[in-house]
Amino acid sequence: DSAPMIQSCIQDLHHSGLMQFTHSNVSLGGIETTSDSVFTLSGSSVQVTNENRRFPSRGSLGGSGNFVGSLSNLDGGVVMANGESVPNSITQVSAGGVSLEGGRACVCFAAGVELEEGDRFDLVTAQLQLIGEYDDVEFDCLECPKRNAKSLEGIREECSPAAEYGGRSFSVLLASCGGGEGNHLDTISPPWYVILPVTLGIIAFIVVFFGGALLLERKHRAKKIKTRAVRKNEIRKKKFKESLAGSS
């Protein structure tokens with residue numbers, strides 16, 4: 001977008017309701033939010049100039065943008081990862097430092113988002129450090145838009161989403177997205193082309209080892225039986241000769 005950024009300055013903000021900054025550079029002085037605050041960024045940067053250089057979020061926060069300063073998600077605060085305004089977009093909020101002091105993360109994606117196993121979405125990032133965790137991470141939560149967006153589980157119910165906290169990011173990972181599409185053999189781990197040769201090799205080993213042993217045992221028993229038969233035959237011949245010699 002070649003349009004110039006909108007420049008604005010708000011000295012003292014006591015906010016309750018809906019506020020959206022689009023393609024803007026905003027300077028905020030005194031900041032007070034409530035549980036009814038809905039604060040959305042769209043390609044914007046917010047410079048926090050209060051004493052602590054901190055944006056305290058007690059309501060809902062989402063969109064895409066950057067806080068020049070720090071961001072605190074306080075108890076009761078919600079980060080909304082929905083991206084319903086632009087296809088294939090998600091909430092991506094960054095700040096110098098991020099403090100998660102409870103609250104909740106609500107994760108849902110736009111209808112056009114294509115999900116694949118192994119996808120990773122960094123929803124909140126910190127240039128310096130991210131500390132703390134949300135009290136709860138919800139997928140397909142009640143706040144997810146139902147008309148224009150699909151939730152993560154609604155798009156691919158077979159996916160297994162998981163939240164991950166790092167030293168500088170809060171992310172969502174997708175695993176086990178095999179589902180009912182494509183070849184079920186592709187969802188096997190280790191891959192079938194590794195399992196199949198190993199299985200056939202084990203079967204061949206069992207057949208050769210135990211089959212060979214049984215064959216050797218049969219040959220040995222047959223040889224013993226034949227030896228016994230020869231010895232018995234020789235004994236009979238000897239007794240027969242002795243009986244003929246005694247009768248003469």
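With which residue does Arg120 form a salt bridge, and how far apart are the closest N and O atoms? Select Arg120 together with Glu164: these two form the salt bridge, with their closest N and O atoms 2.6 Å apart, where the term stands for a side-chain nitrogen of Lys or Arg within 4 Å of a carboxyl oxygen of Asp or Glu. Arg120 lies in strand E10 (residues 120–133) and Glu164 in strand E13 (residues 160–165), so the pair ties together parts that are 44 residues apart in sequence; helices (H or I, at least four residues) and strands (E, at least two) are DSSP runs numbered from the N terminus.

The model is a predicted one, in which local features need pLDDT of at least 70 and side-chain atom pairs count only at pLDDT 80 or more, while totals for chains, interfaces and linings use all residues. Residues are numbered from 1 along each chain as its sequence is written, and side-chain values use heavy atoms, with hydrogens and water left out.

Colouring by accessibility, Arg120 is partly exposed at a relative accessible area of 41%, and Glu164 is likewise partly exposed, at 30%; here buried means under 20% relative accessible area, exposed over 50%, and partly exposed in between (1.4 Å probe, protein chains only).

Next, select Arg104 and Glu138, whose side chains meet in a salt bridge (3.4 Å, N to O). Arg104 belongs to strand E9 (residues 104–110) and Glu138 to strand E11 (residues 136–139), so this pair ties together parts 34 residues apart in sequence. Arg104 counts as buried at 18% relative accessibility, whereas Glu138 is partly exposed, with a relative accessible area of 25%.

Arg58 is partly exposed at 30%, and Glu32 is partly exposed at 36%. By the rule given above, the count comes to four salt bridges.

Finish at helix H2 (residues 192–247), which contains Phe209, a partly exposed residue with a relative accessible area of 48%. Selecting Val198, Ile202, Phe205, Ile206, Phe209 and Phe210 shows a nonpolar surface patch of about 620 Å². Patches are made of residues with over 30% relative accessible area and no salt bridge, like charges being joined within 9 Å and nonpolar side chains (Val, Leu, Ile, Met, Phe, Trp, Tyr) within 5 Å; accessible areas come from the Shrake-Rupley method with a 1.4 Å probe, and for residues only the protein chains shown count as cover.
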